[in-house]
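Thanks for asking me to look this over. Please open the structure alongside these comments and follow them chain by chain.

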Amino acid sequence: MSFPGVLDIDWNVMAPAVSLLITAIVALVFGLSARDSRGPAAVALIGVLTAGIFAVAHLFSGNESAASFGLRYLGDVPATALTLVILLGTAMAILVSWDQLERGGMGQPEYYPLMLLSALGAVVMASAGDLITLILGLEIMSLPAYALSAWRTRDRQSEEAGMKYFLLGAFGSAMLIYGTALLYGASGSFVYGAVAAALQGGNLTLLATAGGALVLAGLGFKAALAPFHQWAPDVYTGAPTVVVTFMSVVIKVGAFAALLRIAATVFPALQPWLLTALAVIVALTLVVGNFTALMQRGLKRMLAYSSVAHAGYLGLALLAANHGGVAAAAFYLSVYALMNAGAFAVLTLVTDASDHGDDLERFAGLGRTRPGLAAAMAVFMLSLGGIPLLGGFTGKVLVFQATIDAGHVWLAVLGIATSVVALFYYFRVIAYMYFRESSHAPHTFRSTPARVAIAVALVGTVLLGILPGWWHTLLSVGPRFLAGY
Amino acid sequence: MYLEVLMMFLAAGLIAAAALVVGGLLGPKKPGEVKLSAYESGVPAVGSARERFPVHFYLVAMVFIIFDLETAFFYPLAVKFQAAPQFLFANAVIFVAILAVGYVYLLRKGVLNWK
Amino acid sequence: MTAVLTILVPLVTAALVLLLRNSVLLARLAAMAGAVATLVLAVLLPGSRPFSAEWLPGLGVSFSVDGNGAASVLVFAVTLMMIPALLVALTRVEKGAAGFAALLLAAEAGLAGIFMARDLIVFYVFWEATLVPGLLLLGLYGGEKRREATTKYLVYAVTGSFFMLVSILALKTLSGAASFDVIDLMLVTPDLPVVTQTWLFIGLALGMAVKLPIWPLHSWLIDLNEQNHPSGAADVLGSLYKVGAFGFFAWGIPLLPAGASRVGPVLLALAAVTALYGAFGAIGSTHLKRFLAYGSLSHMGIIGVGIFGMHLAGLNGAMYFLAAQMVSTGGLFLVGGMLYHRRRTFDLREYGGVARSAPALAALGLLTIFAFIGVPGLSNFPGEFMSLLGAFKNAPWPAAVATLAVIAAGVYGVNLYQRVFQGPSDVPVKDLDGLEMYVLLPVVVGVLWFGVMAAPQLRRIEAQSQLTALQLERVAAPPMPGETLTLGGAE
């Protein structure tokens, strides 16, 4: 007996994931004898950089149809590019955590290995070409994240965050697995392309569509699409800010990477009401995310709801997955990773060691007391709000153009109308920083690694705003994305 | 073609239900204090079961699960080993190596160190 | 390359000024050198080669700028007025003068970009990006109620321009244009069904009408001018922000001529109302800055009338008026700043008899007021005249209403001069100092230049407005009766 399609391992495709795995193991062992958490942080950073080098090398090798395990683990452009985004987000989170963990008394050395494993899961999700690989990736990504969100031990909010995230996350996983079972039952295959091919003209589409709906709901939990978003604000508020930096970027990229691929391959073969349902979900996400964010006083919670809102914009791209939406979403995710991680990085430096004190008042007068931080924050806020010459604007234009191309003009109008709302809560931060006097002394906590992270985010956000062409061209792969077929 | 499976489920359910019902109807009932009290492995229960256990038990249970899973994976591997010997051998080695790291980690953390 | 440099030089200068902010002298030198260099570049714009480079090829966006046509005149006005504005900003702003100057320069770059963009997305990028320096100037350096004014400005500007964005994106998809380049778009968009064009034009108009500004979307402008820094330097820019008319002229009408012909009459009526409303607002104001804001709103109404008259002469005149009023309105705001510097109030009732102790200030003030109200031979006259002339050809009634505003302008202009400069003098004030002379010199030059040398500049504008007129002729046929407004008529 042989193993058809299982033994073909392209190590170029696997290299980023394997380096993450090895680094996680090394960092774990290293952490046993490390005095504080900075040693493992350095190991983790080196590992992420190594994985990044492998990913870049593969991305520019021009070998877009590379895959391992017979199309079950893909190395096409979106997979590799989103892997890079995940690695970027992880690197940012490591830099932000570097000093902050010790400052907050959370310096257990297992932090970084867990983070790397979670990133590994996200990478697997982004590369998954079949549903089983997807489930594996999802679990690898989620389990460490549950532990990380409860990282601040003996803090009720953090514990609550971990518990809530675990329970709801397990619920989401269960839905995904059940949906996978139904899809398999209807098509007899796990590989996306084969599922879609088997469903063409089949008479089991109702069963398959139910499966697709469950898969959508399961991944919707991870991506924080309304109405599956309720965990997000509580978890984001309770979990340590450094962990939220990681989660809000990496987990979102992982979930959307998987959703994009499924939306481009499997969904078109299903009954059309699923796409209608998705459109309703996206519209709901846009409205709920933006309007709830508008009502928040705490910046962390505001950013939590804003990340729900951004899930809505990415959802627009899902609907347009076969009209340039994939490249648009990949671009959007790249910028989102930078600007969101940057905003959280600033937040860690402004709030207390216990992560409390994220109220807007705390930002009053920051423009005078800490001008550098305030300027960076202003750029991130403007970019999140979609002001031109910053990456966020380019991302939004790409997403809206794809949405209109796909024929969802009214959703684009809704997206843009809610963007107006979004600009208000983002601009409010700037107004507090610059147009008000500070009421109390700001923190003098400084962290060079965090500053590096902020600088990287700043340069990236501006660069993708001023010169977006090269990255978008690289991402615009059209049919090559469907290497799953 | 799955009818047999369904029939098996039904049969199993019926037998279990029958055992309970018939036993309850026909069995002699002579309750006494000793008979009604809870017991553990034949030892009379002491105190409440809602007690706090040292977390150590939990950790040891985790160690057990690690090796339990290892065994569970090795059975199918052994059965199909001839299909691709080098590949599966490499697989097994990597698998054991990762488990070994976990084991070393647990040892260093003092999981098996009872004080 | 000249066009690109006109955008890049002020941007780089802004960054440089921020870097050198700790040394007053170096920051001032850098800012002035940058502004003068930009002015020189702006003078060189006519006849310069258009520039185009790939920007976002996946979306059909290229960074295309062209300094010919109306842009050359408008950019010249912007860069000319930037020099007095910077002079004032660098000397009269007590705290954070370097930041103020940097924001002014950034806005200058943005405005140059708006006027020179030849790609619809690039146009939108500059349109929206220029919002930020304006907001910061108001929020950082404004008066007591700056937060409210900032919010108001943000609400109006962002709401409008985001709907503009939907229209822009839909424009390409629905028309099937190859790219967002102005030529590619103009070839196909007039062939869109009338209903589609109408909807798209309404979307564009929402963004542009706010920034024209047109009644009833104007109220942000009054508060913005009132709350801006009392030196008036930011208001020079504030008056430059009225770029909506240019949007209609260069994009809205030529791209969607059928939609424009349908919606145009409504906008024309609103513009006429705006002209009159602004004039009466000015007559009723006792606050100098509100007075000027209302006066310039009235000008914007006349520009709107010129645009929506959709006649070649009116289009030419409106663009010329837009450029010329930057000089006169900006100049008046600077004069206002000088008055405030002396008396610490903008309340017109407090003023009187300034001419006795400060004759030079009064003389230049009078010249600027005359330019402001459109006295022949000075900057505003040719544009104002042609705007109304063009409108009269196509729509006599709204033009007649707008003409009333011109008459009213005579009233409030003379009234302003009387209230401030004449009458009994209770408080003697200093006359112009050397710096203020230098500040007002470019204003005087501009006022005379735009008043006398109209012909060559109008020719450059006409090269572009003929395109607009051609597009309008393509769809001269009236819309079908009984058509209903539904989107997706293109499919």
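Predicted model: local features only at pLDDT ≥ 70, side-chain atom pairs only at ≥ 80, totals over all residues.

1. Chains B and C, by contrast, do not touch, with 44 Å between their nearest C-alpha atoms.

2. The contact between chains A and C draws 28 residues from chain A and 27 residues from chain C. On the chain A side, the elements giving two or more residues are helices H16 (391–405), H17 (409–435) and H19 (469–475). Of these, H17(A) gives the most, with eleven residues.

3. What classes of residue make up the side of chain A that touches chain C? They divide into 20 nonpolar, seven polar and one charged.

4. Within chain C, do look at helix H4 (residues 97–116) and helix H5 (residues 120–129), whose axes come within 8 Å and cross at roughly 150 degrees. H4(C) and H5(C) are therefore roughly antiparallel to each other, and their crossing is left-handed.

5. H4(C) contributes Gly110(C), Gly113(C) and Ile114(C), while H5(C) brings Phe123(C), Phe126(C), Trp127(C) and Ala129(C). By class, the contact of H4(C) with H5(C) has five nonpolar and two polar residues, and no charged ones.

Key. Residues numbered from 1 in each chain as written. Chains lettered and ligands numbered in written order. Contact = placed C-beta atoms within 7 Å. Axes fitted to C-alpha atoms, helices over the stretch in contact; angles between N-to-C directions. Helix = DSSP H or I, 4+ residues; strand = E, 2+ residues; numbered from the N terminus. Parallel < 35°, antiparallel > 145°, perpendicular 65-115°, else oblique. Left-handed = near helix turned anticlockwise from the far one by under 90°. Nonpolar A, V, L, I, M, F, W, Y, C, P; charged D, E, K, R; others polar.
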